[in-house]
Amino acid sequence: MKAGINKTKITPPAGVDLAGFGRPGRKAVGVHDDLYLSSMVIEDGGGRVLIICADLIGFGRELTASLKREIGDRFGFSEDQILLSASHTHSGPQTIENMLSVGEEDEAYIEFLKEKTAASVEKALEGMFQADISFGRAKCYIGVNRRRPSGGGVEFAPYEGGITDDDVTVLKVVKDGVVKAVLYNYTCHPSIVDTDFISADYPGRAGRAIEDALGRDTAVFFIQGCCGNIRAGTVEGCKFRKGTWEDVDEYGLRLGNVVADLCGTVLRKLDVRVSSRISTVMLPLKVLPEREKLAGILENGTNPEKKWAGEMLSRYGGLKAELPFTVQRISLGEAFHILAMSGEVCAEYARYIKRKDERKVYIAAGYSNGLTGYIPTGLMLEEGGYEPKDSTIYYGMPSQFDASVEKTLKKAIDDIFKDL
């Protein structure tokens, strides 16, 4: 099999709006650590895929469509062969067009990002080499469930009894005995530090730890998991405390060392037969808002609520009681599969995916090929809280999802694997 690798810096200049934390007017005053985009091509003679990972809040739907169209036109990849995966760092530029009150897109940066992405793919294709690829899995304990039952509902607080996803899944690419790339997956929000400095957060620190252990010529790819309801365990008493750069170092080093140690063991050789598939389904919303209600919110709501109401009124004639959601499968042989989804998918869906066949290894990824919003379960919609309810205004959603969203998404997941 063959692989091609490239890593390029995509750090924006000071002054751009930063995305995340729901804090309007948050502009970058400097750089704590650089942001990177990495491209990996894998081909087996009969098929090929392109995996692009970046230190970004997300690849917005419009940005995704533009990038896939350009990459397809220039390099011949089809839509299903291209995976755009974001780490979801909360300390990078805004790259999602439907995210309200959390920073504005900088047009100059978006164009810069498109150019860097195309150049990275070109360099990866130019440097194709014969590769040995292997994979393995370990555990790391950083993430904490953030939906604690309280008074018949839930509160945004650490919940030790809640589901997490502690799997660390690793794909190692070797050329002539030298590690050229490591792709790894973990599940936890990169939202440890709320400052005005650009940062890749803990995945960036983990990447540097992996490079220190395996060599600076190793390109590190991070695929974020289904961390919609999972954040880092910066806990004090019964609450989350404000994170620090020391926390970023601690958690990043812990995760990076797990990945590096796993790479030093004998991993399972990948029997690569590349295949891919992509589909878009419509996820049902509960109800569309009434004009009169929106007008009242526009007059009397909080600033984020007013922005949301104004956006809904401006689009009112075109609002639909459903939202598009993309599900993509990339399979590298019979035993290794990536299932990538275009939302802040909650960890319960990762458990559903990974239990399909416990003889196989699955990466269940969110924040890929778009970012529709938080994707809750039916139970979460009954419980309320940030993910199913409060977050909807920040994603410009007309309303919460309908309770049938879980059934709809699970069917889409099942369908994407039917042709294997």
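1. Start with β23 (336-341). Phe336, Ile338 and Ala340 point one way from this strand, while His337, Leu339 and Met341 point the other way, and all are buried (buried means under 20% relative accessible area, exposed over 50%, partly exposed in between, with a 1.4 Å probe and protein chains only). In general, side chains in a regular strand alternate between the two faces of the sheet. Because 6 of the 6 residues of β23 are buried, the strand is largely enclosed by the rest of the structure.

2. Some ground rules before going on. This is a predicted model, where local features need pLDDT of at least 70 and side-chain atom pairs count only at pLDDT 80 or more, while totals for chains, interfaces and linings use all residues. Residues are numbered from 1 along each chain as its sequence is written, and side-chain values use heavy atoms, with hydrogens and water left out. Helices (H or I, at least four residues) and strands (E, at least two) are DSSP runs, numbered from the N terminus.

3. Now the sheet around β23. It is an open one of 4 strands with mixed pairing, in the order β21-β22-β23-β25 (two strands pair if DSSP finds at least two bridges between them). At the edges are β21 (274-284) and β25 (361-365), each pairing on one side only. Ignoring direction, neighbouring strands here are turned by 15° against each other on average (axes are lines fitted to C-alpha atoms, for helices over the stretch in contact, and angles run from 0 to 180 degrees between N-to-C directions).

4. Going through the pairings: β21 and β22 (residues 322-332) are antiparallel over 11 bridges, with serine 275 partnered by serine 331 in β22. β22 and β23 also run antiparallel, joined by 5 bridges, and arginine 329 stands opposite leucine 339. These two strands make a hairpin with 3 residues between them, and glycine 333 in the turn has a positive phi of about 85°. β23 and β25 are parallel over 5 bridges, where phenylalanine 336 faces valine 361 in β25.

5. What lies across β23 and β25? That would be α7, running at about 155° to β25. Helix α7 (residues 347-354) also meets helix α9 (residues 405-416): their axes come within 11 Å and cross at roughly 35°. The crossing is right-handed (left-handed if the near helix is turned anticlockwise from the far one by less than a right angle, right-handed if clockwise). Tyr349, Tyr352 and Ile353 in α7 meet a set of α9 residues including Val405, Leu409 and Ile413 (contact means heavy atoms within 4.5 Å). By class, the contact has 6 nonpolar, no polar and 3 charged residues (Ala, Val, Leu, Ile, Met, Phe, Trp, Tyr, Cys and Pro count as nonpolar, Asp, Glu, Lys and Arg as charged, and the others, Gly among them, as polar).

6. Two other helix pairs are worth a look. Helix α1 (residues 61-75) and helix α2 (residues 107-126) pack at about 35° with their axes 11 Å apart, in a right-handed crossing. Their contact has 9 nonpolar, 2 polar and 4 charged residues. Helix α5 (residues 291-300) and helix α6 (residues 303-314) have axes 8 Å apart at an angle of about 145°, and their crossing is left-handed. By class, the α5 contact with α6 has 8 nonpolar, 2 polar and 4 charged residues.

7. There is also an open sheet of 5 strands, ordered β16-β14-β13-β9-β20, again with mixed pairing. β16 (219-224) and β20 (268-269) each have a single partner strand, so one side of each is left without a neighbour in the sheet. β9 (residues 132-139) and β13 (residues 167-175) pair antiparallel over 8 bridges, with aspartate 132 partnered by valine 174 in β13. Helix α3 (residues 201-214) lies across β14 (178-186) and β16, at about 150° to β14.

8. On cysteines: how many disulfides does the structure hold? The count is 0 (a disulfide is a pair of cysteine sulfur atoms within 2.5 Å). The sulfur of cysteine 53 is 14 Å from the closest cysteine sulfur, in cysteine 227, which is too far for a bond. Cysteine 188 is in no disulfide either, with the nearest cysteine sulfur, that of cysteine 227, 6.8 Å away. Cysteine 53 is buried at a relative accessible area of 4%, and cysteine 188 is buried at 0%.

9. Lastly, glutamine 400 sits in the loop between α8 (378-383) and α9. Glutamine 400 is buried, with a relative accessible area of 19%. Not counting residues up to four places away in sequence, glutamine 400 touches Leu285, Lys286, Leu381, Pro388, Lys389 and Thr392.
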